[in-house]
Amino acid sequence: MSNQWAGQVLQWMGRTTLALALAWAPGAQAAPAPTSSADADLAVQAREAWVKRDRKRLAALVDAARGQAHPLAGWVEYFDLNARLAELRQADLDAFYARYPGSYVEDRLRNDWLLELGRRRDWANFRRDHAAYQMRDDREVACYALLADHLAGTKVTVDAARAAWMAQKDGDDGCFQLAYAFVDAGLFKADTLWAKARLATEQGRPRAARQAVMLLNAKPLEQKLAELQDNAGRYLTRKARSSPRAEAELTALALARVAANDPDQAGDVLQDKWSRLPPDLQAWLWVQIGRQSAMKLQDDALPAFDRAAKLAPDFAWTDDALAWQARAALRAGRPATALKAIERMSATEQRDPAWAYWKARATRLQGDAPAARAQLAALAATPLNYFGRLAAEDLGLPTPLPPAPAPLTAEERRAARSLPGLQRALQLIDLGLRGEGVREWNFSLRGMGDRALLAAAQEACDREVWDRCINTSERTKTEIDIAQRYPTPHRTELLREAKAAGLDAAYVYGLIRQESRFVLDARSHVGAAGLMQVMPATAKWTARKVGMSYSPDLMHDRDFNLRIGTSYLKLVLDRFDGAQALAAAAYNAGPNRPARWRDGPVVDAAVWAENIPFNETRDYVRKVLLGGTVYAQVLGLPTTSLRERLGATIGPAGARAAEAADIPPPAADTAP
């Protein structure tokens with residue numbers, strides 16, 4: 001493949017500059033002194049000028065920050081340099097690194113600069129800078145690093161390059177260039193490229209699929225892929241073929257796109273017209289059909305998975321496909337199939353508490369009670385985990401709250417207060433630069449042990465920065481401070497509103513902890529606001545229902561937000577006959593979806609929750625119900641088990657399920 005062709009590919013890709021407003025970590029400098037709002041506002045102004053790419057304004061702000069020795073000067077300079085990254089030289093970056101050694105803005109700008117160096121193909125400076133890079137969390141930088149080593153003659157294994165490319169989330173220059181180099185060296189063959197195209201299609205990433213096919217250097221194939229991505233049905237009718245192999249691969253990609261919308265139709269078409277496709281492609285397609293059917297909670301998911309296994313017993317499935325086979329098997333009461341699917345997952349996936357729990361449950365249903373008890377006992381050691389709590393309850397073990405750790409010493413508190421990164425993070429959050437402050441804070445926690453984490457968490461708790469309080473405390477391994485992990489801010493007001501609405505206060509606390517982490521001015525990207533993250537339209541609807549006055553400017557008023565949120569939650573809970581799992585799912589995904597998800601067989605409530613089609617909602621339900629269970633203990637309310645909150649079983653609700661359609665979702669409907 002020619003360099004000219006590669007350049008045309010990159011031009012087609014259209015890469016935009018990565019510009020992230022991230023954060024600065026503790027260095028050798030002393031902790032910044034408190035600033036006046038006028039001084040601190042320089043950082044806010046710089047952020048606004050950066051968004052507008054107002055270079056003149058940024059330059060003036062840099063001068064002002066330096067002249068005042070502003071404690072957030074690193075941020076002001078970061079925004080300035082990031083806005084003109086394409087024009088900088090290595091010396092400019094080296095000077096910035098020297099001014100802010102060990103800081104997060106240093107490492108953040110280094111991340112941005114590494115991407116720029118990769119685009120420039122300046123591998124000498126890239127390798128030098130990469131050696132000092134701390135975060136190592138950027139997938140594209142990781143691909144560039146492997147490419148730089150490869151070009152420098154350092155051996156990079158095919159497996160390492162393939163893993164990095166396969167982990168690419170979407171089309172980007174770094175991972176594309178890595179793959180291009182390995183194709184050019186004859187190290188990536190056509191089967192690897194098609195495997196990437198199939199994986200990208202399975203993940204719903206069409207651009208990454210196009211990149212993979214482009215590496216075949218065959219324009220007709222690129223054109224056909226574009227056509228099938230535009231209209232898979234039309235492509236199957238007019239141009240699809242079962243041979244040669246490249247044409248069969250394209251046909252499989254088209255059928256997979258049909259399966260994403262209508263797995264039944266894809267299965268019918270595959271059987272009727274495309275049974276001459278190679279067995280491995282047919283197997284992959286039946287996996288996709290089974291996966292999509294399972295996500296739609298259809299009863300024919302398992303037959304599709306079974307077909308795939310018979311067609312190509314050695315065909316490698318993704319962990320996601322195996323997870324959906326296991327979920328479908330649990331829902332259908334086929335523990336042996338669920339167990340087999342779990343055991344085929346990667347070692348990393350099998351260590352996830354969810355699959356460790358369901359493996360134990362399936363093992364018990366298969367009759368191996370001793371092995372199941374041992375597996376559950378291992379999980380029960382972590383009762384602050386949803387599956388650990390379920391495991392403990394399955395074994396009939398008590399689940400007391402962990403004892404409070406020893407009080408923090410004055411020296412431990414001073415050490416936390418002396419960390420510049422933590423103090424800068426709190427300043428940024430106070431200024432409304434929450435995203436920057438959160439990243440600054442998290443970077444500052446690197447390498448901390450339990451006691452240091454507890455001290456840092458307490459700094460956030462004392463400042464009522466509850467999301468940092470909770471998330472920091474959750475990082476501890478052995479010393480667990482429940483007061484930090486499950487705080488009770490706004491206690492008087494929340495208990496009052498929960499009682500007025502007829503709700504369990506622990507359930508409300510669990511929901512708010514998951515929705516907003518008690519951040520009063522929290523606002524989602526779709527406009528949901530306040531502690532209970534309610535959309536203005538839903539708040540207005542709820543106000544009419546319960547006879548309250550409504551005004552948009554009340555959404556961030558604490559008492560109004562609690563009142564409107566608890567009133568809405570009560571309406572949802574009543575529509576689902578008090579089922580907390582269904583109501584939590586409805587609060588996250590809108591009431592119509594869980595009303596549909598309960599159709600089908602009557603199943604164990606934990607199995608129902610495991611089969612929630614959306615990853616976000618599944619995780620949300622787990623955390624809200626676990627939170628309610630723990631908060632009941634924290635608040636001294638009548639204790640309820642997690643099982644009691646889940647309920648025994650969930651199944652069809654008959655005509656009543658249709659009534660949920662009257663209730664709007666709490667937030668804008670953005671779920672897939």
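Modeller: A disulfide here is a pair of cysteine sulfur atoms within 2.5 Å. The model is predicted: local features need pLDDT of at least 70, side-chain atom pairs count only at pLDDT 80 or more, and totals for chains, interfaces and linings use all residues. Numbering starts from 1 along each chain as its sequence is written, and side-chain values use heavy atoms, without hydrogens or water.

Start with the link of Cys143 and Cys175. The torsion about its S-S bond is 80 degrees, and the link is right-handed. The sulfur atoms of Cys143 and Cys175 are 2.1 Å apart. Cys143 sits in helix H8 (residues 139–151), and Cys175 sits in helix H10 (residues 173–184). The pair therefore ties together parts that are 32 residues apart in sequence. Helices are DSSP runs (H or I, at least four residues), numbered from the N terminus. Cys143 is buried, at a relative accessible area of 0%. Cys175 is buried too, and its relative accessible area is 0%. Buried means under 20%, exposed over 50%, partly exposed in between (1.4 Å probe, protein chains only).

The structure has two disulfides. The other pair to look at is Cys461 with Cys469, where the S to S distance is 2.0 Å. Its S-S torsion is about 65 degrees, so this disulfide is right-handed. Cys461 has 9% relative accessibility and counts as buried. Cys469 has 0% and counts as buried. Number the bonded cysteines of the protein chain in sequence order, and the pairing reads 1-2, 3-4.

Now back to H8 and its packing. Helix H7 (residues 123–131) packs on H8 at an angle of about 120 degrees, and the axes are 10 Å apart. Axes are lines fitted to C-alpha atoms over the stretch in contact, with angles from 0 to 180 degrees between N-to-C directions. H7 and H8 are therefore oblique to each other. Under 35 degrees is roughly parallel, over 145 roughly antiparallel, 65 to 115 roughly perpendicular, and the rest oblique. The crossing of H7 and H8 is left-handed. That means the near helix is turned anticlockwise from the far one by less than a right angle; clockwise is right-handed.

On the H7 side, the meeting residues are Trp123, Phe126, Arg127 and His130. On the H8 side, they are Val141, Tyr144, Ala145, Leu147, Ala148, Asp149 and Leu151. Contact means heavy atoms within 4.5 Å. This H7 and H8 contact divides into eight nonpolar residues, one polar and two charged. Ala, Val, Leu, Ile, Met, Phe, Trp, Tyr, Cys and Pro count as nonpolar, Asp, Glu, Lys and Arg as charged, the others as polar.

Helix H11 (residues 190–202) packs on helix H17 (residues 279–295) at about 15 degrees, with 12 Å between the axes. That makes H11 roughly parallel to H17. Their crossing is right-handed. H11 supplies Arg198, Thr201 and Glu202 to the contact, and H17 supplies Leu281, Trp284, Gln288 and Arg291. The residues of the H11 and H17 contact are two nonpolar, two polar and three charged.

Leu297 lies in the loop between H17 and helix H18 (301–311). Its phi is positive, about 60 degrees, although Leu297 is not a glycine. Leu297 is buried, at 13% relative accessible area.

Ala69 also has a positive phi, near 50 degrees, in a residue other than glycine. Ala69 is in the loop between helix H3 (55–67) and helix H4 (73–83). At 63% relative accessibility, Ala69 counts as exposed.

Next, a peptide bond. Ser243 and Pro244 are joined by a cis peptide bond, with omega about -5 degrees. Pro244 is placed in the loop between helix H14 (232–238) and helix H15 (245–261).

Last, helix H33 (residues 536–546). Its buried residues include Thr538, Ala539, Trp541, Thr542 and Ala543. The buried residues of H33 pack against helix H34 (558–575). Gly547 follows H33, and its phi is positive, near 75 degrees.

Note on methods. Helix = DSSP H or I, 4+ residues; strand = E, 2+ residues; numbered from the N terminus.
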